[in-house]
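Please open the model in your viewer and keep the selection tool at hand. The tour below moves from one selection to the next and says what is there at each stop.

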Amino acid sequence: NSVWVSTDHDEIEKVAKQFGAQVHRRSPEVSQDSSTSLEAIREFLNHHHEVDIVGNIQATSPCLHPSDLIKVADLIQKEGFDSVFSVVRRHQFRWSEVKKGENKMTEPQNLNPAKRYRRQDWPGELYENGSFYFAKRHLIEKGYLQGGKMAYYEMRAEHSVDIDIDIDWPIAEQRVLSFGYFGKEPLKEVKLLVCSIDGCLTNGRIYVTEDQKEMVSYDYRDIVGIDLLKKRRIEVRLISERDCSKTLSAMQLGCVAEVSATNKLQVLEDWQKDMGLSWKEVAYLGNEESDVECLKKAGMSGVPADACAVAQKAAGYICKSNGGCGAVREFAEHIFLLLQKVNSARKQ
């Protein structure tokens, strides 16, 4: 019924509210390095007597999909379970630990070495992966996140990433890029990318010479990105609120462009209808408040790292690169990852 972030940190509170969450200011007593999630949840419930069920989503598991949470909520609300937690299937042979100085041999824990089989032929074992814990209020008040009528929910391996130490971070990052959430509808190939010129293809700065001529700068990597998209048969079109036709002519990109666009969404809708595309086949890269409605409509949406806050909130992907500094190329690579996923799904 509601999404909350429990924190004692001002910056985390700011970001949480920016993305639409409500914030519970956690007390110092449950904000220590040794504090547990259960302690923070119990404190939250003491202030929110209207809450009957808590779904605790771990921030260190960024690959969790909304569809998983919906199914888990149904297990509690419709099937009567008191608690549900996430697991993942692992195919790892375990051996007993022998500590230094102990005079004994290691022993197999889940295999027979005399009848050793290939791991891919073995069904494996279920391990908690820490992505989420759902529990009813009466259990949490007793000090449990798991108990009563329990059930596990098995997550797919590619969605099961836990950031525990620093080397887990790049793994999680690649998983999000490759298998991240792209919406509830079935994936489709992107056939059109619309890019805002000012602040995406360029850095948004306009240089004026003494004879009042305007100049802008762009990154050659972005031009390469546009060429790569075209080679993949993805049409690239450009849009701008100002009249930059001379700049586009000088850049010689060979892309359809709409300048002096007072209503970007209307232009985008006209292009989408003319090409006979669904919104899932349209990608949009923008950076300003005027791009927000386009970002919300497009099946894939992205913004440069220096985009305004409202555009970042509306986008599905935030580039590491700033506008005019490789953001178009980076978003193109993100689209290519999606296409790999579409092709892989078709083969399966």
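Begin by selecting Lys78, which at 67% relative accessibility counts as exposed, where exposed means over 50% relative accessible area, buried means under 20%, and partly exposed lies in between (1.4 Å probe, protein chains only). Before going further, note that this is a predicted model, in which local features need pLDDT of at least 70 and side-chain atom pairs count only at pLDDT 80 or more, while totals for chains, interfaces and linings use all residues. Residues are numbered from 1 along each chain as its sequence is written, and side-chain values use heavy atoms, with hydrogens and water left out.

**Salt bridges**

Asp74 is partly exposed, with a relative accessible area of 26%.

Next select Lys136 and Asp82, another salt-bridged pair, with 3.8 Å between the closest N and O atoms. Lys136 lies in strand 5 (residues 125-136) and Asp82 in the loop between helix 3 (66-77) and strand 4 (83-90), so this pair ties together parts that are 54 residues apart in sequence. Helices (H or I, at least four residues) and strands (E, at least two) are DSSP runs, numbered from the N terminus. Lys136 is partly exposed at 22% relative accessible area, whereas Asp82 is buried at 16%.

Now move to Glu281 and Lys191, whose side chains meet in a salt bridge of 3.4 Å, N to O. Glu281 is found in the loop between helix 9 (264-274) and strand 12 (282-285), and Lys191 in the loop between helix 5 (168-179) and strand 7 (192-196), so the pair ties together parts 90 residues apart in sequence. Of these two, Glu281 is buried, with a relative accessible area of 11%, and Lys191 is partly exposed at 39%. Selecting Asp10, Glu13, Lys17 and Arg25 together then shows one network, joined by salt bridges that share partners. A search of the whole structure finds 19 salt bridges.

**A buried asparagine**

Which loop holds Asn110? Select Asn110 and you will find it in the loop between strand 4 and strand 5, where it is buried, with a relative accessible area of 12%. A polar atom of the Asn110 side chain lies 2.8 Å from the backbone nitrogen of Arg94, and the side chains of Asn110 and Glu125 are joined by a polar contact of 3.2 Å. Leaving out residues up to four places away in sequence, Asn110 touches Gln92, Phe93, Arg94, Tyr117, Trp122 and Glu125, contact meaning heavy atoms within 4.5 Å.

**Helix 2**

Select helix 2 (residues 37-47), whose buried residues are Leu38, Ala40, Ile41, Glu43, Phe44 and Leu45. These buried residues pack against strand 1 (4-7), strand 2 (22-25), strand 3 (53-57) and helix 4 (137-141).

**Cysteines**

How many disulfides does the structure hold? There are zero, a disulfide being a pair of cysteine sulfur atoms within 2.5 Å. Cys63 is in no disulfide, and the nearest cysteine sulfur, that of Cys319, is 18 Å away; Cys63 counts as buried at 5% relative accessibility. Cys294 is likewise in no disulfide, with the nearest cysteine sulfur, that of Cys200, 11 Å away, and Cys294 counts as buried at 0%.

Notes: Salt bridge = Lys/Arg side-chain N within 4 Å of Asp/Glu carboxyl O. Polar contact = N/O pair within 3.5 Å; in protein donor to acceptor, adjacent residues only side chain to side chain.
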